[in-house]
Amino acid sequence: MEINEAVVALSALAQESRLAVFRMLVKAGEDGFAAGEIAETLNIPPATLSFHLKELAHAGLVTSRKEGRSIIYSMNSKGINCLMGFLIEDCCQGRPELCISADGCGNAKASKQSSKPPKVKRKKSG
């Protein structure tokens, strides 16, 4: 994933309704939901939901398919995996275990972290 694609995807998620739709579709997996079900569950007017789904699809985060008279939206696992891979590609100085867990994220904004980067133990050459 290129940086411009990541910016588009992150921008799509940086809106409350779209983030709620995205999370709902991720939980549903490949089965997804009909647009009407999403609108009803999240209490989003159909025209507004259509706009949000278009933005998420443009960002490569959701896909759609026609089933009978309904359009079913579901997560695009490839797009999501590419975005997540981009975000953690250079994560944690080669210590991926620091990036994986969501434990302790309840109030991540309020947590105070040292302004100094952590000391990295380097192997002595020779």
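Me: What makes Leu-83 count as buried?

Reply: In this predicted model, Leu-83 has a relative accessibility of 4%. Buried means under 20%, so Leu-83 counts as buried. The residue lies in helix α5.

Me: Which residues is Leu-83 in contact with, leaving aside its neighbours within four places in sequence?

Reply: Leu-83 is in contact with Met-1, Ala-6, Ala-9, Leu-10, Leu-13 and Leu-61. Leu-61 is 22 residues apart from Leu-83 in sequence, and their C-alpha atoms are 8.8 Å apart in space.

Me: Why are α1 and α5 called roughly perpendicular?

Reply: Happy to go through that one. The axes of helix α1 (residues 3-13) and helix α5 (residues 77-88) cross at roughly 110 degrees. Angles of 65 to 115 degrees count as roughly perpendicular, and therefore α1 and α5 get that description. For the distance, the axes of α1 and α5 come within 10 Å.

Me: Which residues of α1 and α5 meet?

Reply: From α1 come Ile-3, Ala-6, Ala-9, Leu-10 and Leu-13, and they meet Leu-83, Phe-86 and Leu-87 of α5. By class, the residues of this contact are eight nonpolar, no polar and no charged.

Me: What makes β1 and β2 edge strands?

Reply: Each of them, β1 (33-34) and β2 (62-67), pairs on one side only. The open sheet has three strands in the order β1-β3-β2, with antiparallel pairing.

Me: How do you know that β2 and β3 pair?

Reply: Two strands pair if there are at least two bridges between them. β2 and strand β3 (residues 70-75) have six bridges, in the antiparallel sense. Ser-64 stands opposite Tyr-73 in β3. In the hairpin of β2 and β3, two residues lie between the strands, and Gly-68 takes a positive phi near 65 degrees.

Me: Which residues have the most contacts inside the largest nonpolar core?

Reply: That core has 20 residues, and those with the most contacts inside it are Val-21, Leu-25, Ile-38, Leu-49, Leu-53, Leu-56 and Leu-61. At least two core residues are supplied by each of α1, α2 (16-28), α3 (35-42), α4 (46-58) and α5. Leaving aside its neighbours within four places in sequence, Val-21 is in contact with Ile-38, Leu-42, Ile-44, Leu-49, Leu-53 and Leu-56. In soluble globular proteins, nonpolar side chains tend to be buried together.

Me: How many helices and strands does the chain have?

Reply: There are six helices and three strands, and along the sequence they follow the pattern α-α-β-α-α-β-β-α-α. Of the 126 residues in the chain, 24% are buried.

Notes
Residues numbered from 1 in each chain as written. Predicted model: local features only at pLDDT ≥ 70, side-chain atom pairs only at ≥ 80, totals over all residues. Heavy atoms only, no water. Axes fitted to C-alpha atoms, helices over the stretch in contact; angles between N-to-C directions. Helix = DSSP H or I, 4+ residues; strand = E, 2+ residues; numbered from the N terminus. Parallel < 35°, antiparallel > 145°, perpendicular 65-115°, else oblique. Contact = heavy atoms within 4.5 Å. Nonpolar A, V, L, I, M, F, W, Y, C, P; charged D, E, K, R; others polar. Core = buried A, V, L, I, M, F, W, Y, C linked by side-chain atoms within 4.5 Å. Buried < 20%, exposed > 50% of the residue type's maximum accessible area, 1.4 Å probe, protein only.
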